[in-house]
Each structure stands twice: as C-alpha cells, then as structure tokens.
Amino acid sequence: MFAATILTLYPDMFPGPLGQSLSGRALSEGKWSLETRQIRDHASDRHRSVDDTPAGGGAGMVLRADILAAAIDAATRPDDDRPRLLMSPRGRPLTQARVRELAAGPGALIVCGRFEGVDQRVIEARALEEVSIGDYILSGGEIAAITLLDAVVRLLPGVMGNQESGETESFETGLLEHPHYTRPADFEGRGIPEVLTSGNHRKIADWRLAEAMALTQARRPDLWDAYLAAHPPKPPRPPRRKRQDPPAST
Ligand code: SAH
C-alpha cells in the first residue's frame, strides 16, 4: 500500500483537502496511508527552535540540518525504500510521468520546507530529491506536498472510479485534453459540436484528437514540440512495386 510520511512544522494542515472526495474516501478505506511528523519534536533547545540565521548573512531563517536529519531518520523505517522528497522551488518540476512512477512505488517520505529553505547539507547527506510544483514561491512546502499527493493518490488502484479518464487526460497522451460538453444542448445560444451527437465513434475520436492537437499547439508550444518529436509524421508509403522476374543472367 502507498504509504506517505510528511515531515512538517504544521502537521495540522494534513490531511486537509486530502481528507475529502476521492483521496479522502481512499484514505478511510485504507487504500493509502498518511503519517505526519512534527519536525519540531527533534529540536534540542529549551525554545524548541528549528531554524537559525543564514550563514553569510541575508534575509530570513534556514531550517537546521541536524534537526531535519534527526526528524528524517526517526521517520525512516528499517528497509525503507521510499523515495525521500523535499518540496522546493529549485527542484525538478513535477510531471505526470513522475507522478505515475511515484504511484507505482511503495510511497514517499516528503519534507516540507519553511522560511528561506533548508540547510544544503541535509539535502546532500539524506539524498533528498527536490521537487517543485511550479515556477512560483509558496510560503511552505505543505501545500506543494498536498498537491503532489493529490496527483498520486488518484492513480492508485481502486481510487478513481472510471479508470479510463486517467488515461486520456491532459499530459497522459502528451497533449492537452479536448474540450468537453454536456447537457443542455443549447446554452445561451451555443450548441454542442455536431460530431459529438452523431454517434459515430470513429469520427468523434478523430475530432477529439484534432482538437487536442490544435489546443496544444496554440497553448503549449513546449508540449507540442515534444509531441511531434515523439510522433514523427509517417513517411508516405513507397508505391508498391510489381513483382518482377529476376533479371536474366548473362
Ligand atoms: N528561498 C527559497 C524559497 C523558500 S519558500 C527560494 O528562493 O528558493 C519556503 C518553502 O516553501 C520551501 O522550502 C519549499 O519547501 C516550499 N516551496 C515554495 N515554493 C515551492 C514550489 N514552487 N514547489 C515546491 N515547494 C515550494
């Protein structure tokens, strides 16, 4: 079973949204587990402080390596082969491909940073994989961790009712998803594209693919280039040659 352990200064932020809807139901059904651990429990001084001023000066405070390492070690089970992630804007941007890998694995130990960040030495000493959820700065890693887990949990076996919707969705095919429509047939004078009501499944599939391609090309040239590289246009078939008798040997 996918087992998540969160190291945080704000354990009350969990399960938060993960306790609702799909992920919440799956959590109460035991399809995944969530453990939160208070980093501050590993502070050693009277004030239970976990951070200190940055070496070299500058703004803000830095999470101490020794305290975070103690928290990580205490959270690590014997034979723990779960990846250890640090939510961090400097990390590799999270992708659906990485989400799938994580969902196929045993779980994750996730460190939520705060303040200016964490001491570099604990990142190295505990081999933390830095993961970013996008090019913007949050005030802490908790919401980033919730985002990552939300994406992972919906892929776990038995969590999402309609398994197919996981496979045609944006990014899974390398394309953004086609537009959706439902009742009513007329909304403020806008109809539903005729092909969708035609009942012709071949045509519907073609239309959806064309829409997905056009949307991706217009909105995400980066994804479009990657898609083209992965799906090179098929070269035209050479005209079939008539079988010929071998040339007579002279
Ligand atoms: N000074 C840091 C930002 C610190 S923000 C810098 O400029 O890189 C405080 C914490 O919030 C980080 O340690 C990280 O855990 C979390 N965080 C902020 N933005 C994030 C993002 N885009 N993705 C993942 N985690 C993020």
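A residue is near a molecule or strand if its C-beta atom, placed from the backbone, lies within 6 Å of it.

**View 1. The shell around the ligand.** This is a predicted model: local features need pLDDT of at least 70, side-chain atom pairs count only at pLDDT 80 or more, and totals for chains, interfaces and linings use all residues. Residues are numbered from 1 along each chain as its sequence is written. The ligand is surrounded by 18 residues. The closest are Met87, Gly113, Leu138, Gly141 and Ala144. Strand 5 (residues 84–93) gives the most to this shell, with four residues; strands (E, at least two residues) and helices (H or I, at least four) are DSSP runs, numbered from the N terminus. By class, the shell has eight nonpolar (Ala, Val, Leu, Ile, Met, Phe, Trp, Tyr, Cys, Pro), three charged (Asp, Glu, Lys, Arg) and seven polar residues (the others, Gly among them).

**View 2. Helix 5, residues 142–153.** Its twelve residues reach 16 Å from first C-alpha to last. That is close to the 16 Å expected at 1.5 Å a residue, taken as 1.5 Å times one less than the number of residues. Buried residues (20 or more other C-beta atoms within 10 Å of their own, C-beta atoms placed from the backbone; 12 or fewer is exposed, in between is partly exposed) include Ala144, Ile146, Leu148 and Val152.

**View 3. Arg40 in its loop.** Arg40 lies between strand 2 (32–38) and strand 3 (51–52). Arg40 counts as partly exposed because it has 15 C-beta neighbours inside 10 Å. Leaving aside neighbours within four places in sequence, Arg40 is in contact (C-beta atoms, placed from the backbone, within 7 Å) with Leu9, Arg48 and Val50. Thr8 is 32 residues from Arg40 in sequence, yet 8.2 Å away, C-alpha to C-alpha.

Terms used: Two residues are in contact if their C-beta atoms, placed from the backbone, lie within 7 Å.
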